[in-house]
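Dear colleague,

Please find the structure we discussed handed over below.

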Amino acid sequence: MADTYLQIIFWALFVMMGIAGIRVVTTRNVVHAALYLVATLLGAASIYVLLYAEFVAWVQVLVYVGAVVVLMLFGLMLTKAPIGSANFDNNQRLVAAICAGLLFAVSSFIMVRAFEGQEIDFTSTEGTTVQSVGEAIFSIYVLPFEIVSLLLLAALVGAVVISRRDEAEVED
Amino acid sequence: MPVAYFLVLSALLFSIGVYGVLARQHAVLVLLSIELMLNAANINLIAFSAMLGDAGLPGQVFALFVIAVAAAEVGVGLAIVILIYRNRRTVDIDEMSLMKW
């Protein structure tokens, strides 16, 4: 019975994320594209909650919806993108749609064939997985974790260096 | 619940992202499409993690790493876009043919 509810929730999220995702790549308003991306990312976070990955879901909400989308909106603002409707598509839309459609057909066909009959057992996991994720990060995966933090620092410094004006340029 | 449902959702998001990268001209919109593709990969990781039960915990950890690397990518990517806008007054990626032979 619980599985029926989960299926209903899943297909509702599926339709929501599909529509919002298609709007991200077809809308003619750049700010709307970013806001539709928020809808898609929140849908993904709901999928994570459905799959007992609460910590990843909250990281998704904080990092993506909180930081990445805000960064994107700043990028749109600083590049003075035309906010109203304008054509942002090039003339390869048909080819792109055929490529994407073929990719979807092939990859979903292969995935469904390869994992036919594999079920996700929602009764095996009880309670939260946050504790075990934390223990895994700070024991087995502590080295990759530190490397990722170094990568973020390097990316931060790199972004500042790249986007900063040169001294000579400022004096002009 | 079959794991294939989640894989089809992820394939759908990835294909939408591919379409966006191929068909969009504005550099920031291309970055948005790349985010869609990274999310599709994350949904796959979490779905397999749930399928494997307790043995699938590394799936969640790797999803966290993907999110962190995606945040770094967006930071550097937007810095480059802003720099190109400052130098060339356009973010149209079809006009960025400076390094094209």
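A residue is called buried if 20 or more other C-beta atoms lie within 10 Å of its own, exposed if 12 or fewer do, and partly exposed in between, with C-beta atoms placed from the backbone. By that rule A:Phe138 is exposed, because 10 other C-beta atoms lie within 10 Å.

This is a predicted model, in which local features need pLDDT of at least 70, side-chain atom pairs count only at pLDDT 80 or more, and totals for chains, interfaces and linings use all residues. Residues are numbered from 1 along each chain as its sequence is written, while chains are lettered from A and ligands numbered from 1 in the order in which they are written.

Chain A

Helices (H or I, at least four residues) and strands (E, at least two) are DSSP runs, numbered from the N terminus. Chain A has seven helices and zero strands. Of its 172 residues, 24% count as buried. Two residues are in contact if their C-beta atoms, placed from the backbone, lie within 7 Å. Among the contacts in chain A with a separation of 6 or more, 59% come from residues 24 or more positions apart.

The expected span of a helix is 1.5 Å times one less than its number of residues. For α1(A), with 25 residues, this gives 36 Å, and the end C-alpha atoms are 36 Å apart, which agrees.

In α1(A), the residues A:Met17, A:Ala20, A:Gly21, A:Val24 and A:Val25 are buried. The buried residues of α1(A) pack against α2 of chain A and against α1 and α2 of chain B.

Individual residues of chain A

A:Ile47 lies in helix α2 of chain A and is buried, with 25 other C-beta atoms within 10 Å. Neighbours within four places in sequence aside, A:Ile47 is in contact with A:Leu13 and B:Ile43. A:Ile47 and A:Thr129 are 82 residues apart in sequence and 15 Å apart in space, C-alpha to C-alpha.

Just after α2(A), A:Tyr52 takes a positive phi of about 60°. Most residues other than glycine have a negative phi. A:Tyr52 sits in the loop between α2 and α3 of chain A, and it is buried, with 23 other C-beta atoms within 10 Å.

A:Gly101 belongs to helix α4 (residues 93-114) of chain A and counts as partly exposed, with 13 C-beta neighbours inside 10 Å. A:Gly101 and A:Gly66 are 35 residues apart in sequence and 31 Å apart in space, C-alpha to C-alpha.

The exposed residue A:Phe138 is found in the loop between α5 and α6 of chain A. Its C-alpha atom is 23 Å from that of A:Ala45, which is 93 residues away in sequence.

The interface

How many residues of chain B are in contact with chain A? There are 60, and they meet 76 residues of chain A. The elements giving two or more residues to this side of chain B are α1 (3-23), α2 (27-51) and α3 (57-88) of chain B. Of these, α3(B) gives the most, with 21 residues. Ala, Val, Leu, Ile, Met, Phe, Trp, Tyr, Cys and Pro count as nonpolar, Asp, Glu, Lys and Arg as charged, and the others, Gly among them, as polar. By these classes, the side of chain B that touches chain A has 46 nonpolar, 11 polar and three charged residues.

Helix α5 (residues 130-137) of chain A packs with α3(B) at an angle of about 70°, their axes 10 Å apart. Axes are lines fitted to C-alpha atoms, for helices over the stretch in contact, and angles run from 0 to 180 degrees between N-to-C directions. Angles under 35 degrees count as roughly parallel, over 145 as roughly antiparallel, 65 to 115 as roughly perpendicular and the rest as oblique. α5(A) and α3(B) are therefore roughly perpendicular to each other. The contact is made by A:Ser132, A:Val133, A:Ala136 and A:Ile137 of α5(A) and by B:Leu57, B:Gln60 and B:Val61 of α3(B).

Kind regards
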